Structures are given as structure tokens and as C-alpha cells.
Amino acid sequence: MVFMLRKEDNTPMSKLIRGMSVLTILLLGGLMTGLFAQEGSHSGHQEEVSIVGCLDEGGDEGYFVLTDEDGEEIDVTGSAELGKHLGHKVRLTGTWVEEDEYEIFKVAKIEHISADCDY
């Protein structure tokens, strides 16, 4: 919505329209910035999601690697029960968190699918 105001138009209504136009532009700009900032990163999302793959040991104690069927390796942590499923195909439910500038999947629930990792 664009309003054409004459330079000498300084009525209270024209000031209100100008103010609302500026406010609308600022609000839309802020919303767009927030939407683009979330793209390309898992860690901004706190809703639980599930991932499926083969579970292996990670480099550090308490950390594991889930390899999905596309070969993507995902660092996971969060449950002492993970160690019981090494070499198994599992479905992990949890959230993405940022830890030391890395995205890690924090496990809340483990579902055993298979004792082997055939895809």
C-alpha cells in the first residue's frame, strides 16, 4: 500500500499514515530477517525430530556417530543407553543443539530397529 502525500500535507491523518507505513516496513523487514536466519541450520529448532541409521562409537566418551542410509554421519549424544546399541540400526528421537560451534543431535528416545545395519 503506497500513499502519495504532498509536501505541504502535514495534517494529523497524514502523519498517522506515514508512521504506520514506516512501522509496517520495519515489522516486515524484521520478520523476513528472522525467516532467513533459520535456513541452513538445524540448531535453531527445538522441536523433537527422528533420525534413522547405524550407530557407532564417537571420538569422545558419551558421543556416538549415527550413519544414515545416504552415508551422512551425524554426531549424537545424550543417553547412556546409546552404548547398548552399537552396530545396530536405530531410530533416535531428539533435538539439534549447538555445542562448541558444532551441531549435535541430543537424543531423548532410542528405538531399536535391527541388530544389523543393512540398508
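**View 1. The disulfide found in the predicted model.** A search of the whole structure, which is a predicted model, finds 1 disulfide. This disulfide joins Cys 54 to Cys 117, with a distance of 2.0 Å from S to S. The link of Cys 54 and Cys 117 is right-handed, with 75 degrees about the S-S bond. Cys 54 lies in strand E1 (residues 49-57), whereas Cys 117 lies in the segment after strand E5 (102-114), so the pair ties together parts of the protein chain that are 63 residues apart in sequence. In general terms, a disulfide is a covalent bond between the sulfur atoms of two cysteines.

**View 2. The surroundings of Cys 54 in strand E1.** Cys 54, which is placed in strand E1 (residues 49-57), has a relative accessible area of 10%, and because buried means under 20% relative accessible area, Cys 54 counts as buried. Across the protein chain, 23% of the 119 residues count as buried, and the accessible surface comes to about 8800 Å², of which 54% belongs to carbon and sulfur atoms.

**View 3. The helix and the strands of the protein chain.** The secondary structure of the protein chain comes to 1 helix and 5 strands, and from the N terminus on these elements run in the order α-β-β-β-β-β. Among contacts in the protein chain between residues at least 6 apart in sequence, 52% join residues at least 24 apart.

Note on methods
Residues are numbered from 1 along each chain as its sequence is written. This is a predicted model: local features need pLDDT of at least 70, side-chain atom pairs count only at pLDDT 80 or more; totals for chains, interfaces and linings use all residues. Side-chain values use heavy atoms; hydrogens and water are left out. Helices (H or I, at least four residues) and strands (E, at least two) are DSSP runs, numbered from the N terminus. Buried means under 20% relative accessible area, exposed over 50%, partly exposed in between (1.4 Å probe, protein chains only). Contact means heavy atoms within 4.5 Å. Accessible areas come from the Shrake-Rupley method with a 1.4 Å probe; for residues, only the protein chains shown count as cover. A disulfide is a pair of cysteine sulfur atoms within 2.5 Å.
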